Amino acid sequence: MLKSRRLRVLLGTVAGAATLATSLAACSDDTAEGGGDGSIIVGFVAVGPEGAWREANEQNVQDTFTEEAGFDLRYAPATNLDQQSQIAAFTSFVDEGVDIILLSATEATGWEASLQRAQEAEIPVILVDRGIEPDDTSLYVTRIAPDNVQVAASVAEWAVAEFPDGANYFTLEGPAGVGVVNERNQGWDSVIGSKPEFVKVGAQTANWSAEEAKSVFETVLRANDNDIQLVFAQNDEMGLGAALAVEEAGLTPGEDVKIATIDGTRGALEALAEGRLSFVAEYNPLFGDTLLDVVNKTLNGESVDSYIVVPSLTFDSPEAAAEALPDRQF
Ligand code: AHR
């Protein structure tokens, strides 16, 4: 079965061999499994609507695996971020015999059985952005994502430089159970954990949402008599929500409370340019080209690294944000 996929890839990438493809396709028995027209069928078990970063990432994947490029992308966003809907989509992709599966997991745990089924069916799986726990690399080809631990550590390093005498800080986390949340805490703690002058007032999930973050942080400011100088927001939307909460409390974001975020979306860079955010670490969502290269290599039988890190930038001033905004694609 893998052999015929490899053949289809060769054919897919060498348009001139179309005639050969057609005749081979006619006699091969895998039309049920793949595109009779020689297209490579990619099953994308996606997260779906979840904010600006997610929209940019999943649109980038869809803009990469086009029909023109020889792909038949089957986009399956989760229903309300529900893992069971993802597992159902994954299972149907395996039953359909797609050529390859891309997985952005809404939950880190609970994927062993599905990944084993794909392996038995010789369908390679690539993790897009989100990791799995336990991280058994024998169950998937590779993970492609920026390095969450390193990105969060860069935020903490900025905080250490910005607050030489330390600060009272609060962490706004993504949803519990999502792999990147743990990785971002790990990166932050790897720097701040050893600094007693940084006092952790608390941490709470705001589910990547500006609205939830505003209400969470309003409560936290009130409960702590506004005695918090620093917010580590694990994504842009939550950082923007915290800025609104600071303003609601009659304080000034960027002065009384400094807010650092991860993602690097346009909205956050605009707020940084205005001084309402103080630091933005990019978590680059546009890695379709890397993904395409890995899909072709994998279906060609070539090996790739088990974790492919997507490079990301940081923005530590209104000037840096203003400079990046004109060409910002997400
Ligand atoms: O997995 C990446 C995270 O998911 C982004 O940082 C967040 O904005 C998104 O929803």
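**Aromatic pairs and the parallel sheet**

W188 and F232 are both buried, where buried means under 20% relative accessible area, exposed over 50% and partly exposed in between, with a 1.4 Å probe and protein chains only. The model is a predicted one, in which local features need pLDDT of at least 70 and side-chain atom pairs count only at pLDDT 80 or more, while totals for chains, interfaces and linings use all residues. Residues are numbered from 1 along each chain as its sequence is written, and side-chain values use heavy atoms, with hydrogens and water left out.

W188 and F232 form a stacked aromatic pair, with 4.5 Å from centre to centre and 5° between the planes; rings of Phe, Tyr and Trp (its six-membered ring) pair if their centres lie within 6.5 Å, and planes under 30 degrees apart count as stacked, over 60 as edge-to-face and the rest as tilted. This pair links distant parts of the chain, since W188 belongs to helix α7 (residues 179-192) and F232 to strand β8 (residues 230-233), 44 residues apart; helices (H or I, at least four residues) and strands (E, at least two) are DSSP runs, numbered from the N terminus. Ring pairs also bring in Y169, which joins W188 and F232 in a cluster.

Across the whole structure, a search finds eight aromatic pairs. Among them is that of F44 and Y75, whose ring centres lie 5.7 Å apart with the planes at 50°, so this pair is tilted. F44 lies in strand β1 and Y75 in strand β2, 31 residues apart. F44 counts as buried at 0% relative accessibility, whereas Y75, at 32%, counts as partly exposed.

Strand β1 (residues 40-46) runs parallel to β3 (residues 100-103) and is joined to β3 by four bridges, and L103 in β3 is the bridge partner of V45.

How values were computed. Two strands pair if DSSP finds at least two bridges between them.
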